[in-house]
Amino acid sequence: MLNIVVCVSGGGTNLQAIIDGVESGTIRNTNIAGVISNNAGAYALERAQNAGIPAFCVSPKDFSNRREFNEAFLKKLEELNPDLIVLAGFLVILPEKMIQVYRDRIINIHPSLIPSFCGTGYYGLKVHEAALQRGVKITGATVHYVDEGTDTGRIIMQKAVEIQEGDTPEILQRRVMEQAEWIILPKAIDEIAMAHQK
Ligand code: GRF
C-alpha cells in the first residue's frame with residue numbers, strides 16, 4: 001500500500017478526485033493516511049471528514065513565527081508517515097527541510113502545461129489569466145515532482161485542454177480542472193502506487 005498525505009488550502013476538488021479514485025478503485029494500492037490544510041476554513045477539510053479521513057489544520061496563524069509553523073507541519077507529516085505527499089492546491093511555501101526529507105516523494109498539480117505559465121506568482125486564477133492574455137490556443141495541467149524551485153521538478157504527466165472563444169479565467173479554470181487536473185492527478189498517484197508495489 002502507498003500511504004499518501006494530501007496537503008490542501010482551499011476547495012479541495014482535486015482532493016475529492018483522489019478520494020473518489022481510491023473509493024472506485026481507479027487509484028489502486030493507495031491509502032489516504034490524512035489531509036493537512038494550512039487554512040481552518042478550507043472546504044477540503046470537510047471533504048476529508050465526510051470520507052472518514054483524518055483531517056488536520058496546521059496554520060501559520062497559530063504560531064508566532066515561520067520556524068515554529070514549519071516544525072509543527074513537519075511533525076504532523078512525520079506522524080502520518082507518508083510514502084507520498086500530494087500537494088493539491090496547497091498555497092504554502094514548503095519548508096526546505098521537507099523537500100530534503102521527502103525528496104522524490106512530493107508531487108504537485110499545476111494548472112498549465114509547464115514550462116508555460118509557471119514559476120513564482122503563477123497560482124490559481126493568475127495562471128489562466130496569463131494564458132488568456134498571451135492568446136494561447138491550448139493550455140492544460142501538469143503533475144510534477146517538487147524540488148527546491150517553483151514548478152521546476154521532473155514532470156510526471158500532462159494533459160492538454162483547448163481554449164475556447166469567450167473564455168474567462170474562471171471558465172477556463174473549471175475546464176482545466178474537469179478535463180485535466182481531476183484526471184491526471186489520480187492517474188499519476190495510481191502509477192506511483194503500482195510502481196511502489198513492485
Ligand atoms: C487547482 O487549480 C490546482 O491546480 C491549483 O489550485 C487549485 C486547487 O483547487 N494548484 P482545489 O482546491 O483542488 O479545488
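Guide: The residues lining the second largest pocket divide into 4 nonpolar, 1 polar and 4 charged. Bear in mind that this is a predicted model.

Visitor: Which residues line the second largest pocket?
Guide: The lining consists of Asn70, Glu71, Leu74, Lys75, Glu78, Pro95, Lys97, Val101 and Tyr102.

Visitor: And which helix gives the most to that lining?
Guide: H3 does, with 5 residues. Helix H3 (66-80) and H4 each supply at least two residues.

Visitor: How much space lies in the second largest pocket?
Guide: About 150 Å³.

Visitor: What about the largest pocket, how much space there?
Guide: About 1,000 Å³. Of the 40 residues that line the largest pocket, Phe90, Leu91, Val92, Asn108 and Tyr123 are the closest to its centre.

Visitor: How does the lining of the largest pocket split by class?
Guide: There are 15 nonpolar, 20 polar and 5 charged residues in the lining.

Visitor: Which helices and strands each supply at least two residues of it?
Guide: Helix H1 (13-24), helix H4 (96-101), strand E5 (106-110), strand E6 (138-145) and helix H6 (169-197).

Visitor: Let's look at single residues. Where is asparagine 14?
Guide: Asparagine 14 lies in helix H1.

Visitor: Buried or exposed?
Guide: Asparagine 14 is buried, because its relative accessible area is 6% and the cut-off for buried is under 20%.

Visitor: What is asparagine 14 in contact with, leaving aside neighbours within four places in sequence?
Guide: Ala88, Ile109, Glu181, Trp182 and Leu185 are in contact with asparagine 14. On C-alpha atoms, asparagine 14 and glycine 89 are separated by 7.7 Å, although they are 75 residues apart along the chain.

Visitor: Back to H3 for a moment. Where is phenylalanine 73 found?
Guide: Phenylalanine 73 is found in helix H3. With a relative accessible area of 1%, phenylalanine 73 is buried.

Visitor: What does phenylalanine 73 touch, not counting residues up to four places away?
Guide: Cys7, Ile36, Val58, Phe90, Pro95 and Met98. Leucine 94 is 21 residues from phenylalanine 73 along the chain, and their C-alpha atoms are separated by 9.5 Å.

Visitor: Cys7 belongs to E1, I take it. How many residues of strand E1 are buried?
Guide: In strand E1 (residues 2-8), 7 of its 7 residues are buried.

Visitor: Which residues point one way from E1, and which the other way?
Guide: Leu2, Ile4, Val6 and Val8 point one way, while Asn3, Val5 and Cys7 point the other way. In a regular strand the side chains alternate between the two faces of the sheet. In E1 the residues pointing either way are all buried.

Visitor: In what sense do E1 and E2 pair?
Guide: E1 and strand E2 (residues 30-37) pair in the parallel sense, over 7 bridges. Asparagine 3 stands opposite asparagine 31 in E2.

Visitor: New topic, strand E6. What does histidine 144 touch, beyond four places in sequence?
Guide: Histidine 144, found in strand E6, touches Ile106, Ile107, Asn108, His110, Ile114, Asp151, Gly153, Arg154, Ile155 and Ile156. Histidine 144 counts as buried, because its relative accessibility is 2%.

Visitor: And threonine 139, buried or exposed?
Guide: Threonine 139 is buried, with a relative accessible area of 2%. Threonine 139 is also found in strand E6. Not counting residues up to four places away in sequence, threonine 139 touches Pro111, Ser112, Leu113, Lys159, Ala160, Val161, Ile163, Leu172 and Val176.

Visitor: Where does lysine 137 lie?
Guide: Lysine 137 lies in the loop between H5 and E6. Lysine 137 is exposed, because its relative accessible area is 64% and exposed means over 50%.

Visitor: What is lysine 137 in contact with, leaving aside neighbours within four places?
Guide: Val161, Glu162 and Ile163.

Visitor: Last one, H5. Which residues are buried there?
Guide: Val127, His128, Ala130 and Ala131 are buried in helix H5 (residues 125-134). Seen down the axis of H5, these buried residues fall within an arc of 160°, so they line one face of the helix.

Visitor: What do the buried residues of H5 pack against?
Guide: They pack against E5 and H6. After H5 comes glycine 135, whose phi is positive, near 80°.

Definitions and conventions. Residues numbered from 1 in each chain as written. Predicted model: local features only at pLDDT ≥ 70, side-chain atom pairs only at ≥ 80, totals over all residues. Heavy atoms only, no water. 1 Å grid on protein atoms, 1.4 Å probe; cavity = no way out; pocket = protein on both sides within 12 Å on 5 of 7 lines; lining within 4 Å. Points joined across faces, edges and corners; volume = space filled by probe spheres on them. Helix = DSSP H or I, 4+ residues; strand = E, 2+ residues; numbered from the N terminus. Nonpolar A, V, L, I, M, F, W, Y, C, P; charged D, E, K, R; others polar. Buried < 20%, exposed > 50% of the residue type's maximum accessible area, 1.4 Å probe, protein only. Contact = heavy atoms within 4.5 Å. Arc of directions from axis to C-beta. Pairing = 2+ DSSP bridges.
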